[in-house]
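Trainee: Could you walk me through a few residues and strands here? I'd like to see how each answer is reached.

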Amino acid sequence: MFKRQENQSGIPFHTQDQDDKYAKAPIGVQSKSRFRFRMRHGVVALGLLALTYLVISPSSDSNGNSALKTLKDRVQIGNRKPSDGAQDSTPVKPSGGNTALWEERKDKVKGAFLHSWNAYRRDAWGKDEYHPIAQFGSNMVKKGQGFTIVDSLDTILLMGLKDEFEEAKAWVRDELTFDQEGEVNLFETTIRVLGGLLSAYDQSGHDQVFLTKAVDLADRLMGAFKTASGIPYASVHLKEGRGVPGHEGGISSTSEVATLQLEFKYLSYLTGDDKYWRVAEDVILKMKELESIDGLVPIFINPYNGQFHGSDIRLGSRGDSYYEYLIKQYLQTSKKEHVYKEMFDHAMTGVKKHLLGRTIPNDLLFVGEISKYSPQDLSPKMDHLVCFLGGTMALSSTEGKTLNKANFPRSKFSKVEEEDFKIGEELTEACYEMYNQTQTGLAPEIVYWVHKKSQLDGRHEPEHFEGSDFIINNRDGHNWLRPETVESLFYMWRFTGDEKYREWGWKIFEAIETYSKVKSGGYSSIHDIRRKDHIEFSDKMETFFLAETLKYLYLLFGSNDVFPLDKYVFNTEAHPFPVFDPPKSLLERPVVKVEPETEGKANGVADDKDLHLDGLPGHDQDDVDEALEELAVDADDTEAEHVPEVEVEYEESSEEVSTDVVEPETVANIVSEEAADV
């Protein structure tokens with residue numbers, strides 16, 4: 001669909017396919033010629049010339065495009081043919097209002113939420129998860145921890161569903177309890193339940209019901225941080241508030257321990273109790289001192305010695321939200337903590353240096369995976385989870401502000417900001433193509449991007465369709481209704497005002513309606529999206545479908561004055577927290593001393609040599625589905641069980657692990673030498 005610009009280096013921009021009916025004609029960089037004159041006439045003549053200048057001078061001239069053109073020439077950030085009448089590379093700022101068409105589409109998303117919510121209410125009220133085909137609910141722990149209800153609270157408020165909110169609030173007040181037996185995953189419980197409670201507190205006008213529950217939960221989660229290193233365990237026993245080593249050998253995932261900070265810091269700000277802030281902050285500052293590959297870190301960390309474990313480096317499962325929360329911590333506290341911005345920028349330098357590749361035949365930009373022992377060898381494997389990065393890089397460049405000609409033209413970007421924004425645009429485009437290039441219009445969980453023809457040897461449909469930029473292995477074709485692509489579409493629409501992002505989101509929503517909608521109520525994950533005539537439901541509606549996917553679609557189609565991105569920061573579960581100005585006492589960094597668990601409570605290992613990762617689950621989706629079913633507590637069970645948390649965010653790898661790597665010179669040519677400041 002797109003062609004690479006020839007004979008230029010840097011990050012190629014794309015020429016538009018005439019068959020892409022949803023693409024908006026791009027905006028180019030205008031000529032810099034101006035009228036030049038000297039004052040040789042009287043005041044009257046000068047006035048006439050000035051008036052003539054104002055009428056016929058290109059509007060782009062006032063926005064400094066000479067510097068932008070220099071950057072374009074060196075980094076190749078824009079060689080598209082300008083659309084008729086385009087006068088500036090900065091799109092028009094989206095207005096707060098909304099057209100009738102998009103209001104109608106927004107209401108369709110609201111209808112999808114109610115189709116899901118009413119079925120859940122009918123069949124599984126109070127349960128953690130909903131199975132729409134079998135029409136029943138299941139829990140992670142015996143009494144449940146409010147996954148679906150709490151995760152959906154701010155979506156309900158956003159959509160103005162007053163009756164549904166009052167009923168859900170009553171359940172939280174009267175039924176939700178964390179004083180129960182069972183182990184829960186620290187990360188999932190924090191982002192969904194704690195995050196959901198804190199956002200509901202803010203959006204409900206500070207209803208104390210939600211803050212009280214949040215404090216109770218957070219106090220129990222604090223036990224996970226009681227390790228020798230201060231790096232938390234992966235799980236917590238709810239009733240005892242005791243940390244529990246998770247995964248093989250007791251290690252934790254990098255994203256698990258580094259995606260707690262927005263929630264814990266906001267809770268400290270609300271309560272005035274700095275204990276939550278301190279333990280969460282301590283994790284990131286300790287990680288900052290560890291070895292990295294240009295800011296890129298392995299996806300596992302050992303809570304016993306505080307060191308990274310293993311060699312795998314990726315921005316997909318087990319790594320993704322570590323990077324996301326770096327820039328968002330900087331923004332959350334009114335840009336007072338520059339250390340997180342520096343860490344994010346360092347990591348993005350590593351992304352540009354080590355992780356970027358190009359596809360054939362359409363020259364899409366992708367983010368691959370490496371080993372710390374051979375960073376020159378880039379694997380073309382990419383999880384759908386990586387699709388958060390496009391919007392996040394654009395967020396870093398804009399710091400939440402919308403581009404507009406008058407106050408914030410794109411020409412004001414620094415060289416790094418422009419580069420990051422361009423990468424964000426192209427990654428978002430590639431993620432949309434993960435949907436657009438399948439028969440169903442739905443994306444798989446994992447793709448292997450095609451970067452050389454030899455990858456296609458022996459490949460046949462449905463693993464690869466002619467003209468597609470990726471391979472979908474037999475175990476990678478499932479779709480869990482994930483939010484990351486529509487999340488980035490939402491960010492890019494807010495920042496640029498380019499209608500194509502809305503149209504792309506609408507196409508994705510239509511595909512969800514066509515293939516994932518369950519007639520009796522709800523929406524289901526799908527085992528394999530590669531063939532539209534062979535759809536098989538997984539019978540699982542993930543809570544993030546209500547909390548994230550539908551929320552971002554609703555915001556994408558709605559008015560731009562809702563949750564302005566320079567005043568709110570979304571956690572990784574799409575729960576919006578307001579930006580705040582922290583008191584000086586929270587910004588001071590005292591030494592944190594955390595008492596480690598006793599030997600009897602922490603039955604893990606302390607050294608890397610004792611850790612065995614070969615048996616980690618996740619290589620077979622059938623095994624994953626079976627494990628999820630075994631972990632669920634049926635509604636008819638009468639005795640409490642020890643049920644560990646289900647970590648639905650993670651998908652380790654496909655059935656067939658590709659041995660192809662992207663040639664080093666291919667990656668080196670993607671980002672040019674540093675461009676001039678703008």
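Mentor: Gladly! Helices (H or I, at least four residues) and strands (E, at least two) are DSSP runs, numbered from the N terminus. This is a predicted model, where local features need pLDDT of at least 70, side-chain atom pairs count only at pLDDT 80 or more, and totals for chains, interfaces and linings use all residues. Residues are numbered from 1 along each chain as its sequence is written, and side-chain values use heavy atoms, with hydrogens and water left out.

Trainee: Where is E445 found?

Mentor: The UniProt annotation "active site", from an unreviewed entry, includes E445; such annotations use the numbering here, have shortened feature names and may be inferred rather than shown by experiment. E445 sits in the loop between α14 (415-436) and β15 (446-449).

Trainee: Is E445 buried or exposed?

Mentor: Buried means under 20% relative accessible area, exposed over 50%, partly exposed in between (1.4 Å probe, protein chains only). E445 has 2% relative accessibility, so it counts as buried.

Trainee: Which residues is D320 in contact with, leaving aside neighbours within four places in sequence?

Mentor: D320 lies in helix α11 (residues 320-332), and at 10% relative accessibility it counts as buried. Contact means heavy atoms within 4.5 Å. With those sequence neighbours set aside, the partners are S255, L315, L385 and F388.

Trainee: Which residue in β7 is the bridge partner of S253?

Mentor: Two strands pair if DSSP finds at least two bridges between them. β6 and β7 (residues 300-301) run antiparallel and are joined by 2 bridges. In β7, S253 has as its bridge partner F300.
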